[in-house]
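I opened my notebook to follow up a few things in this structure. Here is what I looked up, entry by entry.

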Amino acid sequence: MRIVKSVAELRAHLEGGVGFVPTMGYLHRGHLALVERARAENPFVVVSIFVNPLQFGPQEDFTRYPRDLDRDARLLEQAGVDLLFAPEVEEIYPRGFASRVSVEGPLTALWEGEVRPGHFQGVATVVAKLFLLVQPRRAYFGEKDYQQLLVVRKMVRDLGFPLEVVGVPTVREEDGLALSSRNLYLSPETRKKASVLFQALSAMRAVALAGGSVAEALRRGEEVLARVPEFQKDYLAIVHPETLLPLSDWIRGARGLLAGRFPEVRLIDNLEVYA
């Protein structure tokens with residue numbers, strides 16, 4: 001595996017038929033599932049590691065976000081990655097950089113967009129730039145960040161990027177906790193309680209399977225969350241799987257969205273609750 005840190009090096013070593021996995025590093029099995037899918041479907045696999053300052057708010061964890069490039073590089077080489085692009089901030093956003101990419105509408109205004117203003121503009125800007133630099137045939141994103149996946153797909157359609165955005169199912173711990181680099185922040189005591197997100201979403205799915213209504217499913221999810229008062233909910237919703245607008249009646253593919261904060265870290269999760 002070749003490691004490059006500049007745009008010039010990246011362009012010099014790219015080959016055709018790229019499968020691309022953009023990440024912020026501190027890799028876990030969820031990231032490696034994206035790499036595995038890319039490796040299976042493309043002759044040349046590129047992974048980027050870039051902690052993007054534009055998608056962090058002023059009170060968020062940009063400076064303390066976990067970083068370990070040597071560890072990540074070893075994992076990626078073992079996974080069969082061809083090229084690792086690990087630029088510094090100045091390489092992606094040179095002095096005087098003043099452009100932004102915005103996806104407008106409810107897809108970015110609701111849920112994470114409401115709780116984290118400007119977040120999706122930062123995501124769209126960096127992903128658009130990386131797509132232009134890497135020029136992939138396919139790009140791989142985890143369903144764990146479901147709203148982000150839809151925002152990227154919308155941007156690709158609107159701007160005509162000639163690539164396929166591939167969503168890969170969430171990878172979970174045995175107790176259902178969705179893998180995240182930020183799980184590192186959880187204390188041992190909080191870690192035992194963090195599976196409550198998956199428990200609440202699963203409870204909503206169980207209500208749907210039993211023939212209950214959307215309102216009943218939401219009430220059941222709230223009841224499960226109430227068992228863990230340390231978790232401060234930002235939102236719990238059942239939404240359309242493409243528009244993310246709230247639902248009052250079931251439709252196929254309805255998605256449960258959940259986010260909130262433990263004392264140490266904010267977590268998000270989602271699950272298809274009506275197949």
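How many nonpolar, polar and charged residues does the lining of the largest cavity have, by class? I found five nonpolar, two polar and two charged residues. For these classes, Ala, Val, Leu, Ile, Met, Phe, Trp, Tyr, Cys and Pro count as nonpolar, Asp, Glu, Lys and Arg as charged, and the others, Gly among them, as polar.

Before going on, I noted that this is a predicted model, where local features need pLDDT of at least 70, side-chain atom pairs count only at pLDDT 80 or more, and totals for chains, interfaces and linings use all residues. Residues are numbered from 1 along each chain as its sequence is written, and side-chain values use heavy atoms, with hydrogens and water left out.

**Entry: the cavity**

I looked for cavities of 30 Å³ or more and the structure holds one. A cavity here is a set of points on a 1 Å grid over the protein atoms alone where a 1.4 Å probe fits but cannot get out, and lining residues have an atom within 4 Å of a point. The volume of the largest cavity is about 50 Å³; a volume is the space filled by probe spheres set on the points, which are joined across faces, edges and corners. I listed its lining as K144, L177, A178, S180, N183, L197, L267, I268 and D269. Strand β9 gives the most to that lining, with three residues.

**Entry: the sheet with β9**

I then turned to the open sheet of three strands, in the order β7-β8-β9 with antiparallel pairing. Because β7 (232–239) and β9 (266–274) stand at the edges with a single partner strand each, one side of each has no neighbour in the sheet. Strands are DSSP runs of E with at least two residues, helices are runs of H or I with at least four, and both are numbered from the N terminus. Two strands pair if DSSP finds at least two bridges between them. β7 and β8 (residues 254–261) have seven bridges, and K233 stands opposite G260 in β8.

Helix α10 (residues 196–209) lies across β7, β8 and β9, at about 15° to β9. Angles run from 0 to 180 degrees between N-to-C directions, with axes fitted to C-alpha atoms, for helices over the stretch in contact (heavy atoms within 4.5 Å).

**Entry: strand β5**

Is β5 (residues 138–142) mostly covered or mostly open? Four of its five residues are buried, meaning under 20% relative accessible area. β5 runs parallel to β2 (residues 18–23), joined by two bridges, and parallel to β6 (residues 164–168), over five bridges. I noticed R138 opposite G19 and also opposite E164 in β6.

Definitions and conventions: On a 1 Å grid over the protein atoms alone, a cavity is a set of points where a 1.4 Å probe fits but cannot get out, and a pocket is an open set with protein on both sides within 12 Å along at least five of seven lines; lining residues have an atom within 4 Å of a point. Buried means under 20% relative accessible area, exposed over 50%, partly exposed in between (1.4 Å probe, protein chains only).
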